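Please examine the sequence and the three-dimensional structure shown below.

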Amino acid sequence: MHVPDGFIDVPVSVAAGAVAVAGVGICLRGARNELDERTAPMAGLVAAFVFAVQMLNFPVGAGTSGHLLGGALAAILVGPYTGALCVAVVLIVQSLFFADGGLTALGVNITDMSLVTVVVGYLVFRAVVAVLPKTRFGVVAASAVSAFVAVPAAALAFVGFYALGGTSDIPLGTVLTAMIGVHLLIGLGEAAITAATVGSVLTVRPDLVRGARHLQRRLELRQPGQGGRPPGDRDARERPSSSMTQEA
Amino acid sequence: MSEHTVRNRRFAIGALVVALLVAGVVSYWASSSPDGLNKVAADTGFGTQEKPHGLDDSPFAGYGTKGLGGGFASGAVAGVAGVAITLALAGGLTLVLRRRAAGRPVAGRAADGQTTDGQTTDGPAADSQHVER
């Protein structure tokens, strides 16, 4: 969905640039609180992985392809602020080194594919995780749903920019219908890749999935219970040599 | 080296190998059809407004490598270079942000009027480690 130069006029491109700068600025502040000893080493890897998988265009219907956007995936793995920064870095690298995504369109592309996919993807993820069972399956299913929704959301954001500053006179309704239609299909691919990746990391290193930390805490709280302590026994917490303090 | 460090290193190497294989090898078989936006642009007509990219002559433009033709090696080198550049930039940015966060006074202690001497190197990271255990 990399917008080339020329689709969106200069004033709207500049405005999108301002939105992108503001959004990235907020993320730079927010990411400081996310970058703990587990997330920090992950951030570079997540960006590199998103870059790699974005190269894998998969076919969607006749003569059309799509690729991962990665906002939902990155937000689930390393948190929304760091995740948005990861995708923004990918988009900057693609535009500057690979001539993919216009230079004047960088603001549009960062807004659409980083900020919008992360915000929408992460909000949907949190909402779905909250209603599903607190299991790995719940997290993987929520990942799929959030990734699926994030793609047409990014397409909608592009149509928004087109409505404000499109350089052609193609009717808005035509562009909207076509964009949403094809990106619902691409969303299925996004969902599959996101669910597979989150599921894989959950299998080998569940502690590295930021969006699954609620599972981690649950497991840690349960461990002392293995000794037969009934759940909710608060006295156990006050015993000096309680198993609570030991790492399993 | 603690067991934790070994496990982290193993995971990082594994993830990196996957990324390099995807970008350097598997991408060769990626679909070359136009993506959703380009297809819509061509079908509806606004694609004619596209202007050439200002960096179309750069060494890796279009995910190929200048001088290596249009075959497997061209895409493989570009893909591996892209993974390396992205890792370096995102990893570097993370490092800078972490250093800054570590240099910042920890909220609770600052409110008590105490200095953070001797604790600044680990900062909030060390705190969160405590909480999570």
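What percentage of the contacts in chain A with a separation of 6 or more is accounted for by residues 24 or more positions apart? In this predicted model, such residues account for 74% of those contacts. Chain A contains nine helices and two strands, and their order along the sequence is α-α-β-β-α-α-α-α-α-α-α. Chain A has 248 residues, of which 56% count as buried.

Consider next the contact between the chains. Chain A contributes 60 residues to this contact, and chain B contributes 54. On the side of chain B that touches chain A, the elements giving two or more residues are helices H1 (3-24), H2 (36-44), H3 (72-103) and H5 (123-132) of chain B. H3(B) supplies the largest share of that side, with 15 residues. By class, the residues of this side of chain B comprise 26 nonpolar, 19 polar and nine charged.

Within chain A, one pair of helices may be followed in detail. Two packed helices are described by the distance between their axes and the angle between those axes. For helix H3 (residues 71-78) of chain A and helix H7 (residues 172-204) of chain A, the axes are 10 Å apart and the angle is about 20°. Because angles under 35 degrees count as roughly parallel, H3(A) is roughly parallel to H7(A). The crossing of H3(A) past H7(A) is right-handed. H3(A) makes the contact through Ala72(A), Leu73(A), Ile76(A) and Leu77(A), and H7(A) through Thr194(A), Thr197(A), Val198(A) and Val201(A). Six nonpolar and two polar residues form this contact of H3(A) with H7(A), with no charged residues.

Definitions and conventions. Residues are numbered from 1 along each chain as its sequence is written. Chains are lettered from A and ligands numbered from 1 in the order in which they are written. This is a predicted model: local features need pLDDT of at least 70, side-chain atom pairs count only at pLDDT 80 or more; totals for chains, interfaces and linings use all residues. Helices (H or I, at least four residues) and strands (E, at least two) are DSSP runs, numbered from the N terminus. A residue is buried if 20 or more other C-beta atoms lie within 10 Å of its own, exposed if 12 or fewer, and partly exposed in between; C-beta atoms are placed from the backbone. Two residues are in contact if their C-beta atoms, placed from the backbone, lie within 7 Å. Ala, Val, Leu, Ile, Met, Phe, Trp, Tyr, Cys and Pro count as nonpolar, Asp, Glu, Lys and Arg as charged, and the others, Gly among them, as polar. Axes are lines fitted to C-alpha atoms, for helices over the stretch in contact, and angles run from 0 to 180 degrees between N-to-C directions. Angles under 35 degrees count as roughly parallel, over 145 as roughly antiparallel, 65 to 115 as roughly perpendicular and the rest as oblique. A crossing is left-handed if the near helix is turned anticlockwise from the far one by less than a right angle, and right-handed if clockwise.
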